[in-house]
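Hi everyone, thanks for making the time. I have one structure to walk you through today, so let me put it up on the screen.

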Amino acid sequence: MARAATNRRKLGLTLLAWSIGIVIFFPILWTALTSFKTEAEAVASPPSFLAFHWTLENYTEVQQRSDYFLHFMNSVIVSLGSTLAGLLVAVPAAWSMAFVPGRRTRDVLMWMLSTKMLPPVGVLIPIYLLFRDTGLLDTRVGLVIVLTLINLPIIVWMLFTYFREIPGEILEAARMDGAGLKAEILYVLLPMAVPGIASTLLLNVILAWNEAFWTLNLSASQAAPLTAFIASYSSPEGLFYAKLSAASTMAVAPILVLGWFSQKQLVRGLTFGAVK
Amino acid sequence: MATAHSRAAARLTMSPAVLLLLCWMLIPLVMTLYFSFLRYNLLMPGTEEWIGVLNYQYFLTDPAFFAALANTLALVGGVLVLTIAGGIGLALLLDQPFWGQGIVRLLVIAPFFVMPTVSALVWKNMLMNPVNGLFAAIAKGLGLQPFDFLAEAPLSSIILIVTWQWLPFATLILLTALQSLDRERLEAAEMDGAGALDRFIHIILPHLARAMTVVTLIQTIFLLSVFAEILVTTNGGPGTATTNITYLVYAQSLLQFDVGGGSAGGIVAVVLANIVAVFLMRMIGRNLDI
């Protein structure tokens, strides 16, 4: 009796949860489906869900009409490059904050976080003019620099919270045994911190991949990552839904898969430890 | 424990990160502040001169500023209410046992990973377009007149798009908080005859209060700077119907080349964001035990 009631409740919840999940996911699903339609079928009324002529031509055409691969590589280079550069600077900083905290450590951490709260329009104009005058506008190097800096506070914070879970005695033991600072960080800390560093890397690649304020304002035809490249589809000529969908699907799919793997880190990284 | 040697090393290892962030924050901010007191137009090079607070006077008395301020508040407030209410509902649902929990969770958080330009263009063209969009097709199927979302209700449409993007974040944080709730307390309350609504109001909501505050503060920081979604859907229009402060500063400085006026707007945006940031920093600081 009770068992049957529980099962009926579970069935009801299952139906409800799946319906809501599918509604929320629907725009992404619809984009993926449209990317396999012809342009005529993409705007057909009434629209067809699966019973259409499946084609891959949009994917080849997106590449031919504009060098999609160039922008894809820009995204890869900018997001990976800025994350690696950020880690290089942040690992030593987080090491000292986690294992040799001083009176000021707390203030420094909080101050770093406060830089993340500076609205980008507050510094847009000087950065734009500096980039224009130094030839960094529309270059991958320029974007790597900016994205490294805007995500550095998050990288330091995430690493700090992971490092703090590593027992400091192990590092001290290495120090007693005469390991220098470099050896301590490279051979003792890093191997233990690999999972935390990997999570930090993952979340930051995602954030950098989707960053759309600086990439839109500082890049044009050459260095534009996918965020900025896809914005060029906002002023279309002729039929373009299927091509927009193909370009979007390729831009979203890889990062969506990474994102699904990093659910847990997302909470940790974006709340700065305020929610556990 | 910490020797003088390791203290020195700590300062050394921290300095690159500190110096870089200091440069990033201080130099451009001081430049913006300086520009905001100049007559400085990129189309008229060489005519820069000190004009005191005139830029602020113009910016703060411009009707576009009040429109942008109202739009910013509506956008931030609207998205916050929708994502937190929806997030609590979804978190409660996802916390229940049902078949395929893991998969539904993946479906629900997916929009967070879609880049802003893609989600805005997909919503604008494939869903909301009054001629070829899916919503129009559904309306026609039901015998209704298709609704031109971005022309008739531009700001609400953008609120809808941004809500879709941020609902996963709110859900995920609230779900994490919900799962740390002591089940025994709920069961004890149920034994004592507390109904579902009672348990929600007196046990679950207070437990989620902290997470709700964090979601509010973090989302506010990001929502004050919504930009790409506006750029690719409405360009701030029609008129100034969807111009927020961020977009207004962008338009003034990079479309009208008025660096002085744009800088004044940038400083105003910084001041507004700081009001929120102070509260957020306090919340995070309280939880930081060093």
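Let me start with one residue in chain B. Asn235(B) counts as partly exposed, because 14 other C-beta atoms lie within 10 Å, and that number falls between the 12 or fewer of an exposed residue and the 20 or more of a buried one. Please keep in mind that this is a predicted model.

Where does Asn235(B) sit? It is in the loop between α11 (228-233) and α12 (245-255) of chain B. As background, most residues other than glycine have a negative phi.

Now over to chain A, for another residue of this kind. Asp138(A) is not a glycine either, and its phi is positive, about 55 degrees. You will find Asp138(A) in the loop that runs between α6 (121-134) and α7 (140-163) of chain A. Is Asp138(A) buried, exposed or partly exposed? It is partly exposed, because it has 17 other C-beta atoms within 10 Å.

One more loop residue, please. Ser45(A) lies between α2 (39-42) and α3 (57-65) of chain A. It counts as partly exposed because it has 13 C-beta neighbours inside 10 Å. And which residues does Ser45(A) touch, if we leave aside its neighbours within four places in sequence? The contacts are with Ala137(B) and Lys140(B), in chain B.

Let's zoom out to the fold. Follow α9(A) along and you come to a kink of about 65 degrees at Val194(A), shortly before the proline Pro195(A).

Last, the overall dimensions. The C-alpha atoms of chain A fill a box of roughly 75 × 75 × 35 Å along the principal axes. The radius of gyration of chain A is 24 Å, whereas a compact globule of 276 residues would have one near 19 Å. Buried residues account for 49% of the 276 residues in chain A. As for contacts in chain A between residues at least 6 apart in sequence, 79% join residues at least 24 apart.

That's my tour, and I'm happy to go back to any of these views.

Note on methods:
Residues numbered from 1 in each chain as written. Chains lettered and ligands numbered in written order. Predicted model: local features only at pLDDT ≥ 70, side-chain atom pairs only at ≥ 80, totals over all residues. Rg over C-alpha atoms; globule rule 2.2 N^0.38 Å. Contact = placed C-beta atoms within 7 Å. Helix = DSSP H or I, 4+ residues; strand = E, 2+ residues; numbered from the N terminus. Bend = angle between axes of the 7 residues up to and from the residue.
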